[in-house]
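Good morning, colleagues. Please take a moment with the sequence and the structure before I go through selected features.

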Amino acid sequence: EWADFLNVVVIDDNARLGFLERISTASNVDEVIDELASTATELSSALDDTSHMSTLQARLVNGTTEGWVPTVVFCAADDPSGIDQLVSLAGAGRRGVAVILLGGNSQAQRTIEITTEAVTVSTPELTIEPFAFASTDVEAIDELINDAMSEPEYEVVDEQPEVVDLRPEPGPVEVPSRNKTTRVEMLGEVRVVGGAAKFDRNRALEVIAYLATHRRGVTAEVLKTAVWVDVNPTNNTFNTTVSLARKCIGSDHVPTARDGSPYRVEDTVGTDIELFGELFAAANATPGAAIELLTEALELVRGKPFFSEAKGYEWAHTEVLIASVTAAIADAAHRLGTLALEAGNTDKARWAVAQGLLASPGYEPLYCVRMRAYAADGNNAGVDAVMTELRQVLDAVEPYDSLHPETVATYEELRPTRVGRR
């Protein structure tokens, strides 16, 4: 689903793929050869006219995918004549059609050999070793699959169903990170609250952010590699930056690394990421207080996680920290929005959506919550405005081509007189 600009054709009389976007199936080559030939002719002619070497170059040079979508054909057929047609159609390239054949073929430009030990790709010479599960993991997975596929056993009882009390539990919910007055905040532009002095150097701030998200501590080399991506700092530069970082946040919060001890921050330093996670977990464990806890969590969100005008924080991308935090914010916002709608609080639902979109613009389930909030208020114009905004965010001209089917279905449900079903 990441390959937005790609058409895939699977030729296999046993293919049972169900519905997958941009993928079509055929039982033999004859069913698709005419359409593939037409596509190849049109693309190769267009490439000749524009002097582009490939559809990839055409997309990059023109800055658009329009008219340059390649087609990849996967063929498991054993009909020699059909295979010869496909190979001839693809030619040596520049026709917008690539063919992947199951089995050997003397005319293939490259091969992919798959064994239980590795996957080897010729041209370029590339060998990929698959991730192997331990035997105990395989047994556990097999047991889960068998349980899922087995028929459930139902027990008929005459007892009254258990009544679950969803009212807020007495007393405050314990959230440890609430009590930390010095906090590194990364759910938006990175900053330190409650430090000893203002951070005037971006790398000193990034050092603290890195250590705050690596509680066990790191060596000097690991810290240098993470924060100084493009340069190798001298010992003097490194030591000066770490010393400044310690001074700004407070020397009692960052112990001096001596005799091989790691660079780290004390537990007295909190982060908004940790507090967000604790509040989210508490909301899951305390249904009666979920709205209050999720509201407190989303109040921490100020923008895209790890935003910085001075760039940096590449490690937060490569360690998938930004992606995981963004996903958690979107989930929390969606849950709070849904709970608020169930409680009839449409203002709270819209606020939750707005907070989620600060971190995850274009996340369609949140727009669906916003549409339902306006519909609940009887504001049809608001529903239309949400759809218009979403299409602009996604740069979509025709919603049925770009939006998720559930998003379109939600809009059609709420505004059936505006959008005809297709």
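I begin with a nonpolar patch on the surface, formed by Phe131, Phe133, Val138, Ile141, Ile145 and Met149, with about 670 Å² of accessible area together. Patch residues have over 30% relative accessible area and no salt bridge, and nonpolar side chains are joined within 5 Å; areas come from the Shrake-Rupley method with a 1.4 Å probe. Phe133 lies in the loop between strand 7 (126-128) and helix 4 (135-149), where helices are DSSP runs (H or I) of at least four residues and strands (E) of at least two.

This is a predicted model: local features need pLDDT of at least 70, side-chain atom pairs count only at pLDDT 80 or more, and totals for chains, interfaces and linings use all residues. Residues are numbered from 1 along each chain, and side-chain values use heavy atoms, without hydrogens and water.

Next, salt bridges, defined by a side-chain nitrogen of Lys or Arg within 4 Å of a carboxyl oxygen of Asp or Glu. The count is 12. In one of them, Glu296 pairs with Arg178, the closest N and O atoms being 2.7 Å apart. Glu296 belongs to helix 9 (residues 290-298) and Arg178 to the loop between helix 4 and strand 8 (182-185), so the pair ties together parts 118 residues apart in sequence.

Finally, helix packing. The axes of helix 5 (residues 202-212) and helix 7 (residues 235-249), fitted to C-alpha atoms over the stretch in contact, come within 8 Å and cross at roughly 75°. Helix 5 is therefore roughly perpendicular to helix 7, a term covering 65 to 115 degrees.

Note on methods:
Patches are made of residues with over 30% relative accessible area and no salt bridge: like charges are joined within 9 Å, nonpolar side chains (Val, Leu, Ile, Met, Phe, Trp, Tyr) within 5 Å. Axes are lines fitted to C-alpha atoms, for helices over the stretch in contact, and angles run from 0 to 180 degrees between N-to-C directions. Angles under 35 degrees count as roughly parallel, over 145 as roughly antiparallel, 65 to 115 as roughly perpendicular and the rest as oblique.
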